[in-house]
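Here are my notes on the model, as numbered points. Please keep the structure open while reading.

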Amino acid sequence: MDIEKVNSMDFGEFVDVFGNVIERCPLIAAAVWSQRPFSDVEDLEKHFFDFIDALPQSGQEGILRCHPDLAGRELQRGTLTAESQREQSGAGLTSLRADERLQLAELNAQYRARFGFPFVLAARLRGRAAVPRELARRLQCPPPQELRTALDEVKKIGRLRLADLFGAHPAGL
Ligand SMILES: NC(=O)NC1=NC(=O)NC1=O
């Protein structure tokens, strides 16, 4: 994949390839397509992130709500997107003990009850021990700060997914 190829994609191709850069939010790719041509992958990524930053809080929270829980029901049922499945299994979340899974389910429920959206963490960047630790730590954060932290994690996931698509190794993560 190179940027000339991306700039030559029609709408359908572009959304097929980039529709899940932000988990289950193809709308963002559909909007970003109209911003082409992109100078490079960083420019493409910036358009994805600028779209997220320009949303009202309700839209930003909506993006978070499109994310499946870490080690949640969807992982158990095998209904995750391919990207999410790779990320969650890569973080060791498919080999949790029953007590670890229960602890995460309880923390995820507490988090969702407090913030109104699921806990989001770029799982590939952290080991499996970091998930409950980060969840417990962030559970104490003020909601405005936690919204920003969660969106930063969405962007880290997006950066990793774009790097995969370009066969690159993302800097600055
Ligand atoms: N709730 C989440 O954090 N979900 C995810 N994190 C990832 O890295 N991939 C996911 O699906």
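1. Aromatic pairs first. This is a predicted model, and it holds eight aromatic pairs. One of them joins tyrosine 111 and phenylalanine 115. The pair is tilted, with 4.6 Å from centre to centre and 50 degrees between the planes.

2. Why do tyrosine 111 and phenylalanine 115 lie about one helical turn apart? They are four residues apart in helix H8, so about one helical turn separates them. Tyrosine 111 and phenylalanine 115 are both buried.

3. There is also a ring cluster. Ring pairs link Phe14, Phe18, Phe38 and Phe166. Look at phenylalanine 18 in particular. Leaving aside neighbours within four places in sequence, phenylalanine 18 is in contact with Met1, Val6, Met9, Ala29, Leu44, Phe48, Leu162, Leu165 and Phe166.

4. One ring has a charge over it. The charged end of arginine 36 sits over the ring of tryptophan 33. The distance to the ring centre is 3.7 Å.

5. Now the core. Which residues have the most contacts inside the largest nonpolar core? They are Phe14, Phe18, Ile22, Leu44, Phe48 and Leu93, in a core of 46 residues. At least two core residues come from each of these helices: H1 (3–8), H2 (11–18), H3 (26–32), H4 (41–54), H5 (57–65), H8 (98–115), H9 (130–138) and H10 (143–166). H10 gives the largest share, seven residues.

6. Overall fold. The protein chain has ten helices and zero strands. Along the sequence the pattern reads α-α-α-α-α-α-α-α-α-α. The radius of gyration is 16 Å, close to the 16 Å that the globule rule gives for 173 residues, so the chain is as compact as a globular protein of that length. Along the principal axes, the C-alpha atoms fill a box of roughly 50 × 35 × 30 Å.

7. Of the 173 residues in the protein chain, 45% are buried. Take the contacts with a separation of 6 or more: residues 24 or more positions apart account for 64% of them.

8. Annotation. An unreviewed UniProt entry places "domain: Oxo-4-hydroxy-4-carboxy-5-ureidoimidazoline decarboxylase" on residues 7–163. That label comes from the record. In the model, residues 7–163 are 65% helix and 0% strand. The end C-alpha atoms of this stretch are 17 Å apart.

Methods
Residues numbered from 1 in each chain as written. Predicted model: local features only at pLDDT ≥ 70, side-chain atom pairs only at ≥ 80, totals over all residues. Heavy atoms only, no water. Core = buried A, V, L, I, M, F, W, Y, C linked by side-chain atoms within 4.5 Å. Buried < 20%, exposed > 50% of the residue type's maximum accessible area, 1.4 Å probe, protein only. Contact = heavy atoms within 4.5 Å. UniProt positions renumbered as here; feature names shortened; annotations may be inferred. Phe/Tyr/Trp six-rings, centres within 6.5 Å; stacked < 30°, edge-to-face > 60°. Lys NZ or Arg CZ within 6 Å of the ring centre and 35° of its normal. Rg over C-alpha atoms; globule rule 2.2 N^0.38 Å.
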